[in-house]
Amino acid sequence: MKAGSIAVLWGLTFLVAQAAAQTVEVSIRDYKFVPAELKIKAGTTVKWINEEKRTTHSVLFTGPGGIESERFFPGESWQRTFDKPGVHPYTCGPHPEMKGTVEVTQ
Ligand SMILES: [Cu+2]
């Protein structure tokens, strides 16, 4: 195989990997998830970033089998990959008034 073909193949593999591993970001600031409502495709990773000045937050899924992240500090983040379609409401452990939803489609 010629070097040119190998380079093209490598490029294609890279593109496929990029498409399969999408990450969407949610900011946390002023005690809000921004955007609060997310619609993503299965396989997408959501990364929550704490952009407060001094408050820690968590991401607590309130549905069946719900999980909670550790509390994360300003400048820190937490992420989760959603492999299956479904609706995942969540809140913040220490601040239940904060609400968000991740809707996962095929
Ligand atoms: Cu919070």
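**Strands E1 and E2 and their sheet**

Strands E1 and E2 run antiparallel and are joined by three bridges. The model shown here is predicted. Strands of a sheet pair through backbone hydrogen bonds, in either a parallel or an antiparallel way.

E1 and E2 belong to an open sheet of four strands, ordered E2-E1-E4-E6, with mixed pairing. Strand E2 (32-34) and strand E6 (77-82) are at the edges; each has a single partner strand, so one side of each has no neighbour in the sheet. From one strand to the next, the twist averages 25°.

Within this sheet, strand E1 covers residues 23-29 and includes Val 26. Is Val 26 buried or exposed? Val 26 has 20 C-beta neighbours inside 10 Å. A residue is buried if 20 or more other C-beta atoms lie within 10 Å of its own, so Val 26 counts as buried. Apart from neighbours within four places in sequence, Val 26 is in contact with Phe 33, Val 34, Pro 35, Leu 38, Val 46 and Trp 48. Asn 50 is 24 residues from Val 26 along the chain, and the C-alpha atoms of the two are separated by 8.8 Å.

The protein as a whole has one helix and eight strands. Along the sequence these follow the pattern α-β-β-β-β-β-β-β-β. Of its 106 residues, 14% count as buried. Among contacts between residues at least 6 apart in sequence, 50% join residues at least 24 apart.

Note on methods: Residues are numbered from 1 along each chain as its sequence is written. This is a predicted model: local features need pLDDT of at least 70, side-chain atom pairs count only at pLDDT 80 or more; totals for chains, interfaces and linings use all residues. Helices (H or I, at least four residues) and strands (E, at least two) are DSSP runs, numbered from the N terminus. A residue is buried if 20 or more other C-beta atoms lie within 10 Å of its own, exposed if 12 or fewer, and partly exposed in between; C-beta atoms are placed from the backbone. Two residues are in contact if their C-beta atoms, placed from the backbone, lie within 7 Å. Two strands pair if DSSP finds at least two bridges between them. Axes are lines fitted to C-alpha atoms, for helices over the stretch in contact, and angles run from 0 to 180 degrees between N-to-C directions.
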